[in-house]
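Please look through the sequence and the model shown below before reading on. The questions that follow go through a few residues one at a time, and each answer ends on what was asked for.

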Amino acid sequence: MARRQTFDRRVAREVVGTILSNKSRKNQKGQGGLAAIASLLVVVGLMLARCDQTEETRQAAKDAQTAQEQAQERPDVYTNDGGLTQYDAYDSAATQPDVYDAPDALGVVTITTALGSGVEAERVMVERCVDGDTIIVNDASGERIRVRFIGADTPETVKKNWPVEPWGPEASAYTKKRVADAGNVVYLVTDGSKLDIYGRRLAFVYFKDDPISLNEDLVRHGLARAQTQYSFSKAMKTRITAAAEAAQREGLGIYSTAN
């Protein structure tokens with residue numbers, strides 16, 4: 001195609017040059033000469049127009065190919081939304097940064113427990129599990145708080161000048177695993193006494209979307225004894241006591257026949 005255009009242009013230039021040369025000759029006279037010149041000019045015009053038309057055709061084909069390639073790069077999975085075409089939606093989305101679900105904020109929230117919905121709780125981050133019934137957490141203000149599970153008493157593992165008690169390590173491992181599985185996030189519910197004699201925060205500990213407290217869960221698995229001397233609701237004391245009785249009947253953990 002390019003060679004043909006170059007040839008046409010070269011021929012056109014030669015014809016024009018010849019016409020102009022012949023026109024300058026004094027011996028060229030008569031109507032026949034003028035007619036020949038007019039015919040040649042028409043031919044040259046047609047050749048030049050053909051060159052221009054070919055160039056425009058090539059450019060149009062190139063533009064169409066570029067548009068097709070760009071369209072192929074765009075996914076075809078987008079549907080119309082809010083008046084946008086599928087490609088408008090793609091272009092708009094391509095300019096937006098990735099959005100990730102932000103973690104739930106720490107602080108006071110409401111949760112659902114075995115006693116009902118709308119229970120006020122404090123969402124905190126667990127820093128460390130001390131043993132089966134004690135954890136250290138950080139609240140929304142960054143305060144470091146030692147939390148003791150109210151209503152549950154696991155065997156000792158870290159008490160100073162005290163031997164490790166049977167099922168203590170198992171209780172500690174159970175608490176650590178449940179906390180880790182929950183991403184180290186727990187919900188503290190205060191019920192009755194807020195602090196024990198050592199200044200530790202007393203609370204029922206819950207996990208997201210689980211209505212059973214870790215306190216009750218430990219007792220139910222025979223990994224903790226029911227501890228009801230503290231002041232908390234009768235409903236929770238009933239649940240803790242029932243969990244202990246069930247574990248004892250089934251001979252679980254500290255109630256097993258081997259111990």
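**Buried residues and salt bridges in a predicted model**

Q: Where in the chain is Asp191 placed?
A: This is a predicted model, and in it the strands β6 (185–189) and β7 (201–206) stand on either side of the stretch that holds Asp191. The place of Asp191 is therefore the loop between β6 and β7.

Q: Is Asp191 buried or exposed?
A: A residue counts as buried when its relative accessible area is under 20%, and as exposed when that area is over 50%. Asp191 has a relative accessible area of 16%, so Asp191 is buried.

Q: With which side chain does the side chain of Asp191 make a polar contact?
A: Leaving aside neighbours within four places in sequence, Asp191 is in contact with several residues, among them Ile150, Phe204 and Ser233. The C-alpha atoms of Asp191 and Phe204 are separated by 7.4 Å, although these residues are 13 apart along the chain. The polar contact made by the side chain of Asp191, at 2.7 Å, is with the side chain of Ser233.

Q: Which residue forms a salt bridge with Arg201?
A: Arg201 lies in strand β7, and the residues it touches beyond four places in sequence include Glu122, Val147 and Leu188. In the salt bridge of Arg201, the closest N and O atoms are 3.1 Å apart, and the partner is Glu122.

Q: How many residues apart in sequence are the parts tied together by Arg201 and Glu122?
A: Glu122 belongs to strand β2 (residues 116–131) and Arg201 to strand β7, so the pair ties together separate parts of the chain. Arg201 counts as buried at 11% relative accessibility, and Glu122 counts as buried at 17%. In sequence, the parts that this pair ties together are 79 residues apart.

Q: Are Asp181 and Lys177 buried or exposed?
A: Asp181 and Lys177 form a salt bridge whose closest N and O atoms are 2.8 Å apart. Being 4 residues apart in helix α4 (residues 168–181), they are separated by about one helical turn. The cut-off for exposed is over 50%, so Asp181 at 57% and Lys177 at 54% both count as exposed.

Methods
Residues are numbered from 1 along each chain as its sequence is written. This is a predicted model: local features need pLDDT of at least 70, side-chain atom pairs count only at pLDDT 80 or more; totals for chains, interfaces and linings use all residues. Side-chain values use heavy atoms; hydrogens and water are left out. Helices (H or I, at least four residues) and strands (E, at least two) are DSSP runs, numbered from the N terminus. Buried means under 20% relative accessible area, exposed over 50%, partly exposed in between (1.4 Å probe, protein chains only). Contact means heavy atoms within 4.5 Å. A polar contact is a pair of N or O atoms within 3.5 Å; within protein, one must be able to donate a hydrogen and the other to accept it, and residues adjacent in sequence count only if both atoms are side-chain atoms. A salt bridge is a side-chain nitrogen of Lys or Arg within 4 Å of a carboxyl oxygen of Asp or Glu.
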